[in-house]
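Here is a short report on one structure. It covers the ligand shell, the helices and the overall fold.

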Amino acid sequence: MRTLITNIAELTTNVAVGDDPCGTMNDAAVLIEGELIAWVGTTEGAPSADEVVDAAGRAVIPGFVDSHSHLVFAGDRAAEFEARMAGQKYAAGGIRSTVAATRAATDDELRARLRGFLDEMLAQGTTTVEIKSGYGLSVADEERLLRLAAEVTPEVTFLGAHVVPAEYADRPDEYVDLVVGPMLDACVPHAKWIDVFCETGAFTVPQSRRVLEAGIARGLAPRVHASQLGPGEGVHLAVELGAASIDHGTYLTEADIDALAGSDTVLTLLPGVEFSTRQPYPDARRLLDAGVTVALACDTNPGSSFTSSMPFCIAVAVRDMGMTPAEAVWAATAGGARALRRDDVGVIAPGARADLVLLDAPTRIHLAYRPGVPLVRAVWKDGASV
Ligand code: NIG
Ligand code: FE
């Protein structure tokens with residue numbers, strides 16, 4: 001099956017041309033063949049196809065690549081959010097209440113919830129999703145969360161070191177022993193990535209190093225949650241261990257920025273977290289100007305960021321973090337792909353996955369210019385219109 005999308009007013013390919021990293025094309029067309037993109041060019045020179053979709057002057061962008069989410073959980077924390085909006089501070093400890101709800105849920109309940117979130121994300125243009133464990137925190141529960149995540153995405157992350165569970169509260173190092181021992185054994189078969197929450201109230205730098213090095217030794221690739229609640233050494237640890245990404249980065253020092261700029265580690269910013277924890281927004285402008293590679297992700301979770309909307313995150317990143325619309329869209333597509341070390345998504349080029357979003361707008365700028373408006377008109381994932 002060959003599907004041609006024609007009359008695209010503005011196509012974001014993310015194949016850099018000159019000083020435009022978005023590789024923007026006008027009056028463009030894209031040919032989808034099976035699950036892949038077969039051809040990209042102008043409407044005038046387009047090849048024939050079985051089916052033609054007339055974009056009629058609208059914009060097309062790559063499907064969003066959301067490189068950070070926690071979608072396998074039960075319950076919610078609406079009351080915690082309400083209290084926060086009334087002045088209470090966000091603390092890592094809230095994670096434990098979601099752990100209790102998640103442990104009590106059946107596989108089918110978790111699966112139904114997970115699939116609901118994925119549908120919600122797809123409708124908002126997200127075609128690739130990374131999913132972490134971290135609300136099980138026992139060998140059996142972490143294993144099942146990862147097994148459920150692996151049913152729906154290859155981008156599965158073992159986050160047994162999310163927080164120390166209540167039953168280990170006074171012996172955190174014994175919990176780390178469990179994570180790097182039997183829990184890792186049970187989880188390795190389902191995961192591609194190892195992650196740790198390196199933060200005051202979660203895991204120290206030495207504990208985080210143990211977790212990451214144990215995962216690396218078992219073939220998992222590292223990514224790190226750090227500098228969310230205050231400055232710390234997590235960024236340096238991530239860069240030293242060659243992590244694909246350090247996520248959050250709300251409180252970065254000059255030394256962190258220098259280390260990131262000189263590394264292959266992507267900085268994944270999570271605007272939904274600052275929004276819903278009332279923390280200051282990181283200065284993405286300064287980071288980009290320093291040469292840091294920035295990704296945007298939703299961090300969908302019931303505590304710190306219960307949005308699944310990449311358009312929302314783009315709008316906030318532009319309005320409050322100093323990114324241009326083009327930079328924000330790049331970060332939410334190609335940036336996410338970099339953070340997952342993928343080159344087959346986040347880009348519209350022959351041979352890439354046919355993951356595309358048709359916007360009900362003539363330019364990608366509208367994603368920030370019209371916040372809260374559902375602008376995703378059509379989505380293709382793996383070549384199929386969804
Ligand atoms: O990425 N930072 C740690 N973990 C999640 C929050 C989880 C929660 O509050 O339930 C995050 O923000
Ligand atoms: Fe997270």
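## Ligand shell

A residue is near a molecule or strand if its C-beta atom, placed from the backbone, lies within 6 Å of it. Around ligand 1 there are 13 residues, and Ile 95, Phe 197, Asn 301, Gly 303 and Ser 304 come nearest. The shell holds 4 nonpolar residues, 8 polar and 1 charged. Here Ala, Val, Leu, Ile, Met, Phe, Trp, Tyr, Cys and Pro count as nonpolar, Asp, Glu, Lys and Arg as charged, and the others, Gly among them, as polar.

## Model and numbering

This is a predicted model: local features need pLDDT of at least 70, side-chain atom pairs count only at pLDDT 80 or more, and totals for chains, interfaces and linings use all residues. Residues are numbered from 1 along each chain as its sequence is written, while chains are lettered from A and ligands numbered from 1 in the order in which they are written.

## Helix packing

Helix 5 (residues 172-187) packs with helix 6 (residues 205-217) at about 5°, their axes 10 Å apart. The two helices are therefore roughly parallel (angles under 35 degrees). Helix 5 contributes Pro 172, Val 176, Val 179, Val 180 and Leu 184 to the contact, and helix 6 contributes Gln 207, Arg 210, Val 211, Ala 214 and Gly 215. Contact means C-beta atoms, placed from the backbone, within 7 Å. These residues divide into 7 nonpolar, 2 polar and 1 charged.

## Overall fold

The protein has 13 helices and 16 strands, that is, DSSP runs of H or I (at least four residues) and of E (at least two), numbered from the N terminus. The C-alpha atoms fill a box of roughly 70 × 45 × 45 Å along the principal axes.

Definitions and conventions
Axes are lines fitted to C-alpha atoms, for helices over the stretch in contact, and angles run from 0 to 180 degrees between N-to-C directions. Angles under 35 degrees count as roughly parallel, over 145 as roughly antiparallel, 65 to 115 as roughly perpendicular and the rest as oblique. Two residues are in contact if their C-beta atoms, placed from the backbone, lie within 7 Å.
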